Number of protein chains: 2
Amino acid sequence: MNLIVQKFGGSSVRDADRIRNVAGIIADTYKAGNNVIVVLSAQGDTTDDLIDKAHEISPNPSKREMDMLLSTGEQISIALCAMALEQMGIPAVSLAAWQVGIQTNRTYSNARIKRIDRERIQSELDRKKVVLVAGFQGVNRYGDVTTLGRGGSDTSAVALAAAFNADLCQIYTDVDGVYTTDPRIVPNAVKLPEITYDEMLELASQGAQVLHNRSVELAKKYNVNMEVVSSLERKPGTKVKEVANMEKTNIAGVAKDTSIARIALVGLEHTPGVAFRVFSLLGKGNINVDAIIQSIGREGSKDISFTLPRADVSEAVRLLEEQKSTLNFDHITVEDQIAKVSIVGAGMMTTPGVAAKMFEALYDANINIQMINTSEIRVSVLIDQEDADRAVKAVHDRFFGTGE
Amino acid sequence: MNLIVQKFGGSSVRDADRIRNVAGIIADTYKAGNNVIVVLSAQGDTTDDLIDKAHEISPNPSKREMDMLLSTGEQISIALCAMALEQMGIPAVSLAAWQVGIQTNRTYSNARIKRIDRERIQSELDRKKVVLVAGFQGVNRYGDVTTLGRGGSDTSAVALAAAFNADLCQIYTDVDGVYTTDPRIVPNAVKLPEITYDEMLELASQGAQVLHNRSVELAKKYNVNMEVVSSLERKPGTKVKEVANMEKTNIAGVAKDTSIARIALVGLEHTPGVAFRVFSLLGKGNINVDAIIQSIGREGSKDISFTLPRADVSEAVRLLEEQKSTLNFDHITVEDQIAKVSIVGAGMMTTPGVAAKMFEALYDANINIQMINTSEIRVSVLIDQEDADRAVKAVHDRFFGTGE
């Protein structure tokens with residue numbers, strides 16, 4: 001008998017019909033002889049509606065109370081889905097995080113799971129019940145409700161799969177798998193049957209929205225077999241695992257990120273320790289810097305450019321301007337009409353010429369590369385934002401064909 | 001320093017403005033130097049909306065899952081109200097029933113409170129926080145969420161007041177106290193400054209909707225001083241206590257109940273044990289019978305009439321018809337166009353002529369009395385439903401004057 005964890009997102013449970021559909025998937029899995037743990041997100045816009053309610057009361061509500069408020073959304077979903085299963089004759093029980101014992105650290109609104117108690121869930125599974133767990137939430141050592149931050153329900157699902165050594169952790173979404181690139185930009189994008197954790201991580205952090213990084217990191221750490229699959233169509237999804245068989249394709253996909261900006265510090269003194277001071281300052285301000293380029297400028301000064309989430313630009317500029325006299329730079333430039341396009345693939349290192357093939361595709365499409373940044377399984381280029389979709393298509397066509 | 005428990009119902013917290021208003025009342029109580037425990041109901045129509053959601057999924061959802069679902073409503077209220085208090089600079093913390101430790105029996109959807117743990121609330125009070133507790137809910141020995149049934153938040157408030165030996169338990173509603181009768185029927189109804197537990201119980205069970213009986217019974221048992229007070233106007237309410245000073249009025253009020261029906265079993269055999277068999281049958285069917293009248297009919301047979309909630313009529317008739325051959329009656333008549341009008345007063349027993357004064361008022365108003373039923377502090381008459389409001393006014397005028 002297998003143990004399967006199934007996670008359904010907010011759009012998959014947004015109304016009674018969708019909940020019945022989800023209950024049908026769960027019922028089939030259960031009737032096939034599996035033990036099933038289900039993790040649900042809040043219905044559709046519930047979380048946003050609750051956030052609106054909070055902001056009508058206070059512009060800056062405390063995170064403890066915010067977590068108390070938001071955690072109700074998932075509880076509503078699991079209770080309704082348990083009713084739908086019972087209505088189908090499937091024994092089911094809904095459990096909030098405090099009932100399961102999903103122990104987190106004390107950081108409200110962005111808590112980390114420390115430990116999951118197995119007892120309650122195991123006793124329900126032993127009684128042949130489908131166990132429905134509220135995603136996105138935990139409880140800290142003070143007995144207070146915490147939430148796990150963005151992508152929290154995926155994290156709940158993978159953590160449960162790890163704690164119970166599940167055979168499979170299925171993430172049901174409204175897409176049917178992981179594609180070589182965004183099918184809305186490139187219609188001939190191909191669904192990948194398999195992808196490695198590392199590739200998924202690079203694709204996710206480069207802008208693919210299918211899975212949240214934290215859940216993939218956790219899956220990699222505990223070697224949880226994941227599968228991204230559609231809750232609307234019954235067909236195979238994409239398996240995410242340690243080693244994937246990539247066969248014909250040497251890259252897994254092409255990703256685009258248009259939510260970034262580039263900051264340049266111009267005319268820094270050419271003395272040691274300048275870069276250290278700049279990036280420790282930003283680190284203390286909780287600003288995640290991505291690609292960094294340092295260049296020697298005129299007359300012995302140098303420039304430092306780096307990319308960062310566009311949302312953090314004003315805070316970064318404020319921090320840097322505050323320290324202008326210490327850092328001793330001439331001025332700051334901000335470029336926010338940029339995009340990052342990346343190719344990702346575990347086989348890249350062992351396949352010569354992959355990066356060159358990407359650059360050639362961009363050159364042929366007459367797209368100017370501003371910066372290049374690479375990791376072991378990724379090559380990213382920074383380009384003008386207006387060229388982004390064209391670049392994705394050109395690179396994808398070069399690696400996967402035009403589909404014509 | 002006093003400890004005050006304040007309970008606010010659903011309409012008192014129905015939107016952001018009302019929540020701010022409630023937070024203002026709480027803040028004033030806190031700033032006056034009191035410890036404050038607050039109990040909140042779910043906002044406005046939240047509970048009904050959640051019930052609708054459940055019924056879209058299942059015509060008959062399990063009570064366990066229903067409680068899991070409904071308990072989210074109060075949690076939303078307490079989190080939002082905590083935010084409103086924090087916004088006013090008042091330290092506050094919201095606690096769901098499982099965090100407080102409101103232990104109930106296992107009866108889902110109509111649980112009874114068995115015990116309240118004091119630790120968590122006391123530690124928050126010691127830290128000078130306003131403690132906001134989710135009303136209507138508890139947790140059973142299995143660690144499952146239960147709800148307390150109708151009037152549950154009032155019960156939560158009184159139980160907390162009893163557990164913490166509070167100096168006062170204020171029930172805030174959208175009326176400003178307990179009146180001698182319904183002011184919508186009799187405009188010159190008078191607000192009572194005080195009322196005894198027993199009078200309140202009789203008034204409540206006779207149709208006055210201000211407080212739920214369970215909470216008053218609990219208050220009487222633990223001698224909790226209650227006060228019914230308006231959340232919209234800052235003025236004195238009605239105190240509910242063991243001994244009230246009734247001064248000039250010898251009755252506390254006039255109540256009307258139009259939700260009842262009368263069933264008559266006609267032509268029963270005039271043998272011993274018939275009444276016992278009839279009412280044990282209805283008791284087993286969980287049907288609460290109120291007034292009973294037995295009369296000798298023609299030819300040695302007898303009739304038994306009794307009143308019961310109108311909602312239970314079809315079930316009662318079904319049970320009786322099923323046993324028609326055993327009970328050996330001729331036929332059943334059902335009269336549902338009736339009403340019960342009652343006068344209630346602790347001083348009634350020691351004041352001769354109170355019942356006669358009521359009957360006289362009804363006679364003068366040309367209203368026919370079908371049945372009479374009395375307790376130590378109550379006299380009820382059964383009359384035609386179309387006469388009900390006229391009867392209330394006539395009786396009220398006789399005892400309290402016409403206000404002219």
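How many salt bridges are counted between chain B and chain A? The count is two, and since this is a predicted model, that number, like every other value below, is computed from predicted coordinates.

The size of an interface is often given as the accessible area lost when the parts come together. Here chain B and chain A bury about 3400 Å² between them, and 60% of this area is on carbon and sulfur atoms. Of the area that chain B buries against chain A, 21% is supplied by B:Ile57, B:Met83 and B:Trp98, which is more than any other three residues give.

Polar groups also meet across this interface, where 22 residue pairs are found in polar contact. Side chains of opposite charge can pair when their charged atoms come close. One such pair joins the two chains: the side chains of A:Arg120 and B:Asp144 form a salt bridge, with 2.7 Å from N to O.

Over all chains, the structure holds 52 salt bridges. In one of them, the side chains of A:Arg64 and A:Asp144 meet at 2.9 Å from N to O. A:Arg64 lies in helix H3 (residues 63–87) of chain A, whereas A:Asp144 lies in the loop between strand E7 (137–139) and strand E8 (145–147) of chain A, so the pair ties together parts that are 80 residues apart in sequence.

Further along chain B there is an open sheet of four strands, in the order E13-E18-E20-E19, with antiparallel pairing. Strand E13 (253–257) and strand E19 (371–375) of chain B stand at its edges, each with a single partner strand, so one side of each is left without a neighbour in the sheet. From one strand to the next, the twist averages 20°. E13(B) is joined to strand E18 (residues 338–344) of chain B by five bridges, and the two strands run antiparallel; within this pairing, B:Asp257 has B:Lys340 of E18(B) as its bridge partner. Helix H12 (residues 354–364) of chain B packs on the sheet, touching E18, E19 and strand E20 (378–384) of chain B, and its direction makes about 20° with that of E20(B). Helix H13 (residues 388–400) of chain B also packs on the sheet, touching E13, E18 and E20 of chain B, with a direction that makes about 170° with that of E13(B).

In chain A, an open sheet of four strands likewise has the order E13-E18-E20-E19 with antiparallel pairing. Its edge strands are strand E13 (253–257) and strand E19 (371–375) of chain A, each of which pairs on one side only. Five bridges pair E13(A) with strand E18 (residues 338–344) of chain A in the antiparallel sense, and A:Val254 has A:Ile343 of E18(A) as its bridge partner. Helix H12 (residues 354–364) of chain A lies across E18, E19 and strand E20 (378–384) of chain A, running at about 20° to E20(A). Helix H13 (residues 388–400) of chain A packs on the sheet as well, where it touches E13, E18 and E20 of chain A and has a direction at about 170° to that of E13(A).

Note on methods: Residues are numbered from 1 along each chain as its sequence is written. Chains are lettered from A and ligands numbered from 1 in the order in which they are written. This is a predicted model: local features need pLDDT of at least 70, side-chain atom pairs count only at pLDDT 80 or more; totals for chains, interfaces and linings use all residues. Side-chain values use heavy atoms; hydrogens and water are left out. Two strands pair if DSSP finds at least two bridges between them. Axes are lines fitted to C-alpha atoms, for helices over the stretch in contact, and angles run from 0 to 180 degrees between N-to-C directions. Contact means heavy atoms within 4.5 Å. Buried area is the accessible area (1.4 Å probe) that two parts lose on being put together, summed over both. A salt bridge is a side-chain nitrogen of Lys or Arg within 4 Å of a carboxyl oxygen of Asp or Glu. A polar contact is a pair of N or O atoms within 3.5 Å; within protein, one must be able to donate a hydrogen and the other to accept it, and residues adjacent in sequence count only if both atoms are side-chain atoms.
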